[in-house]
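Here are my notes on this one, as promised. Have the viewer open while you go through them.

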Amino acid sequence: MMFVSSLAASVAVVLSLASMATAHPGEHLSERQVADEMGNSHVVNMINTRALEACQNDPEVKARKERAIARRAATFARLRKERNLDDAPWLHRRDAASLRQWAAQSHDRTKTVSLNMNSTNEEIFGTNTSCVLTPDNANGPYFVSQEHIRSNVVEQVVGVPMHIEIQFIDVTTCKPATQLLIDTWSCNATGAYSGVSAAGEGGLGTTYLRGVQPTDADGVVSFDTIFPGHYQGRATHQHLIAHVGATTLPNGTYTGGRIAHLSQLFFDQALRDAVEATAPYNTNRIPKTSNLVDGFTGYAATSKYDPFPNYILLGNGLANGLFVWAELGLNTSSNWDYYAPHAATWKEGGGYNNPNFDFMAIIFPPPTHG
């Protein structure tokens, strides 16, 4: 990922906050209030980042990392076994010549490392995307509230299989963020979202590529989905929301709680290009948007946080699927409900539009953005 200078970044933050001051209905912030909000954003990020960095040598944190390495290695082995790939060669992003074009436009911190079937689990699975506070991002217009609690969200959708594992760490305690409900969703290979009634989308009666999972004792959730497609003006991305205090319902959905984190994961450009060349992604005629041009990738990254997750191909080709993993730091005391209005709600019998949906609120991220 390319980062602008600190001066340019500061100007960008000022402009984004100034926009927020004029765009939010009912809000009329003075220049001083905008400056105060910018200052608060900087302080919050600095304190939370330092808090999480300071705990990296804690024995409990080291033990958690060891568990993460073992868990990822076991997941990788299980996924390969399920596909009868036990003895097949596999491809890691860090040693794949065809997937190393990201050096100038993303985050190739390990391009000199050669990984193969003789590499240790620590070498392959020991690197998290980040060990610092994950910036919050704009939520987008296609969030559906009270979706199904399930780990497999594929349904009958065709695409490159993707198993995604995400670990959430509370920056205020340096401990796994347990008892969260994690919401994820993405568009299909041709750019259509389920669950919403907007023109060109899947409709209120559809639920594909949407699901919710509770974090376990290590703050981990896993989903089986497909690699997302793309649509007009957006780079390929995966949405995430963390709910605190939500209640699970007997019908397999949830209600209540507050939103403590909202973000989007992005993917290496070379991986995107490889996927987009396969069917049915290659039937999508919507112009592609690169990571550098997308208007929301800047919100997702800081000089310390990288929004591109780690991944490994389960075999020697995309058809066998991907294993993707990331570690996200969040402050579970945050409340970003304002920034995450839902376009629709899933209830017994189908989806229902939100008559009070605030489109302006979803355009801008919370002040803790990148």
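**Notes on the model**

1. Three strands make up an open sheet with mixed pairing, in the order 2-14-15. Strands are DSSP E runs of at least two residues, numbered from the N terminus, and two of them pair if DSSP finds at least two bridges between them. Strand 2 (144-145) and strand 15 (350-353) are the edges: each has a single partner strand, so one side of each lacks a neighbour in the sheet.

2. Before going further: this is a predicted model, with local features needing pLDDT of at least 70 and side-chain atom pairs pLDDT 80 or more, while totals for chains, interfaces and linings use all residues. Numbering runs from 1 along each chain as its sequence is written, and side-chain values use heavy atoms, leaving out hydrogens and water.

3. Strand 2 and strand 14 (residues 344-347) run parallel and are joined by two bridges. Look for valine 144 opposite alanine 344 in strand 14.

4. Lysine 347 sits over the face of tyrosine 352, 5.7 Å from the ring centre. The cut-offs here are NZ of Lys or CZ of Arg within 6 Å of the ring centre and within 35 degrees of the ring normal.

5. Aromatic pairs come to nine, counting Phe, Tyr and Trp (six-membered ring) with centres within 6.5 Å; planes under 30 degrees apart are stacked, over 60 edge-to-face, the rest tilted. Phenylalanine 357 and phenylalanine 359 have ring centres 6.4 Å apart and planes at 75°, so they are edge-to-face. Tyr142, Tyr193 and Tyr231 form one aromatic cluster.

Technical notes
Helices (H or I, at least four residues) and strands (E, at least two) are DSSP runs, numbered from the N terminus.
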